[in-house]
Structures are given as C-alpha cells and as structure tokens.
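Visitor: I would like to go through the pockets and the salt bridges of this structure. Please begin with the pockets.

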Amino acid sequence: MWGLLLGDALGVPYEFTSPDEIPDLSYLDMSPPADFDRAHSSVLPGTWSDDGSQALVLLHHLQEHGGFNADAFAHDLLRWRKGWLWVDHTVFDVGLQTERVLRRFAQGLVVEQANEADEHSNGNGSLMRTLPVALWHEGSDEELVQMAHAQSRVTHAHAQSLVSCALYVLVARGLSNDVATTALAQSDSTVAQAILTLRTIYQKWMEPERDGLVATLDWICAWPRTHCPSGKGYVVDSLWSCLSTLKANSFREAIRQAIAFGNDTDTTAALAGGLAGLRFGMSRLPEDWLQNLRGKELAEPLIFRLRCATPRT
C-alpha cells in the first residue's frame, strides 16, 4: 500500500504530459524540476490523488465489512467523492467514467443500473484501486478473482476491466508469495503463472461467461504484440505499462520508468508502485520519498490493521 501511495504521489505532477516532455529519469522526484510546468499546480508535492484515496477506501471497506459488498461500496464511494480519505479533504482528478457512475448512485440507482459495461467504458478506474483485494484476501485464487471482478463491476463492468483487475491481483499475490530476491529473478514467470492460473479458473466457469472471459484474457495477453505500453488511461494499456516495470532493479527505478511513459502518470506509477512494493519490501522504499509523502496519518491506521489482521477468506 505504501508503494501504491508513493507511486501515485510521484506521478501526480507529471500527469497529462507527453513522454517527450517528461524530464530525464534522474530528475523525477516528489518535487519536479523548478522549470517544469506541473499538473495540478495547486496540489502540494507529495500528495496522492484519486488512485491512492480510492484504494484506501476499498481497503477500509474490506476491513469494516469483512468482505466485499457492492451496494455498501457504492455508498463508500459517494462518501469518498466528498473528500473522505483524501489528503486535506481536497478532491481532484476523478476519472470521467467513475464520475458518471457516482452521479447515478447519488440519484438512487443501484450498482447494476449505474455501472458501465460497454466496450468503450474501459478506463483504469477500477484497476487503480484493486490492490487491497490481493493484500486483504487470503482465500483461494478463484475467490480472489471473484472479488477482483466484484469490486470492478461497481463502476467498470466490461470484461476487459474485470480480467485486467483479476490478472493484476494474481500477479500481486504471486509476488507476495516470493521473497524479494526470488521475485526479482522471476518477474516474467510470475506474470506467466498468473495468466495460466486465471485461464484455468475461467475455464471451470459456466458458459456463456466462461467463453467471454477466456477470449478476453487471450486478447489482453496478445495486446503487447501489436501495441507498445504508453501509460494511457485505457485499462489494458495501464495494465501492461505497469507490468513492464517489473524488471526494474529498484523501487525508485520502477516508479521512474512508469512516469516516463507520460500521460496518466499517477495511475501508472500507483499500479507499478503497488507491485514494486511487494517486490522490494518496506525496507527498500526510498526514505526521502516516504518522508515527503503527505497524508500518512490517513493511511497508517488502515495499513497497520491490515498487517495485524487474522487470516481472511
């Protein structure tokens, strides 16, 4: 979780910037170079955005409810939209698709009526918050996938979003099951194993859901053969952009590589930061970045509770 929050905060100033305008990697820091025209200029450096705050909302939800409840989470998101678990209670950079769905919740519509499930509704809003599912859930891989789907469906219900969230949490679980040295050596095999596990899970499910999810997984896996990750807001691009940083040799390098894609830098870096946090561990997170991270008092109780919790299913 600290990795996700650091990545988000590091990426905020560089959001909406094309890759050719991103400073050299060695200059990417909590405070950008003085002459850089940073995004969200009124937001203080070291502040996480909607990615980190929404991930904290999901973590809080899982802890308070002992599991996932879609309607209750919809109410949590409405509370979040008013400033809950935001640094300084300042709301900024909420995704357009999430914003539309929340308006429907506010009008009294239930999740099935409010969410968006068409092919063009595949922003990265549910992917960016899904890491707590992998950190909190300790049941089977199939149950983990089901929960990743469930949290995504509240706002992003198309198969591409569901499968991307499922694959991300399986990669996260794979990394968390390895000691850091093993994870560093086997990042490619961790992704490959997550894909194999997800395909096996889907193939056990009933038609027609099974065939659609397997086909979507195959399409997502083939995507890098014809596209280069570019750090944009499309969920599949976000997924592969963050996975491409798994070969980095340090947490700092992974975050800088994520930001170097430009575009949706806070989300790409948040996603990469969550995985890099699992790879490198708390002791290898940059101390200077942690010291300059704002809002730690909001995150600390939730993360402490996560560390001390008894096994969940």
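Visitor: How many residues line the largest pocket?
Guide: A pocket is, on a 1 Å grid over the protein atoms alone, an open set of points where a 1.4 Å probe fits, with protein on both sides within 12 Å along at least five of seven lines; lining residues have an atom within 4 Å of a point. Met1, Trp2, Met282, Ile303 and Arg307 lie nearest the centre of the largest pocket, and its lining residues number 17.

Visitor: On what kind of model does this rest?
Guide: Residues are numbered from 1 along each chain as its sequence is written, and side-chain values use heavy atoms, with hydrogens and water left out. Local features need pLDDT of at least 70, side-chain atom pairs count only at pLDDT 80 or more, and totals for chains, interfaces and linings use all residues, for this is a predicted model.

Visitor: Which helix gives the most to the lining of the largest pocket?
Guide: Helices are DSSP runs (H or I, at least four residues), numbered from the N terminus. At least two lining residues come from each of α1 (2-11), α6, α14 (265-280) and α16. With five residues, the one that gives the most is α16.

Visitor: How many nonpolar residues does the lining of the second largest pocket have?
Guide: Ala, Val, Leu, Ile, Met, Phe, Trp, Tyr, Cys and Pro count as nonpolar, Asp, Glu, Lys and Arg as charged, and the others, Gly among them, as polar. In the lining of the largest pocket, 10 residues are nonpolar, five polar and two charged. For the second largest pocket the lining has 11 polar and five charged residues, and the nonpolar ones number four.

Visitor: Which residue forms a salt bridge with arginine 305?
Guide: A salt bridge is a side-chain nitrogen of Lys or Arg within 4 Å of a carboxyl oxygen of Asp or Glu, and the whole structure has 13 of them. For arginine 305, the closest N and O atoms are 2.6 Å apart, and the partner is glutamate 64. The pair links distant parts of the chain, 241 residues apart: arginine 305 lies in helix α16 (residues 296-308), and glutamate 64 in helix α2 (residues 50-65).

Visitor: Is glutamate 116 buried or exposed?
Guide: The side chains of glutamate 116 and arginine 100 meet in a salt bridge of 2.8 Å, N to O. Buried means under 20% relative accessible area, exposed over 50%, and partly exposed in between (1.4 Å probe, protein chains only). Arginine 100, at 33% relative accessibility, counts as partly exposed. Because its relative accessibility is 7%, glutamate 116 counts as buried.
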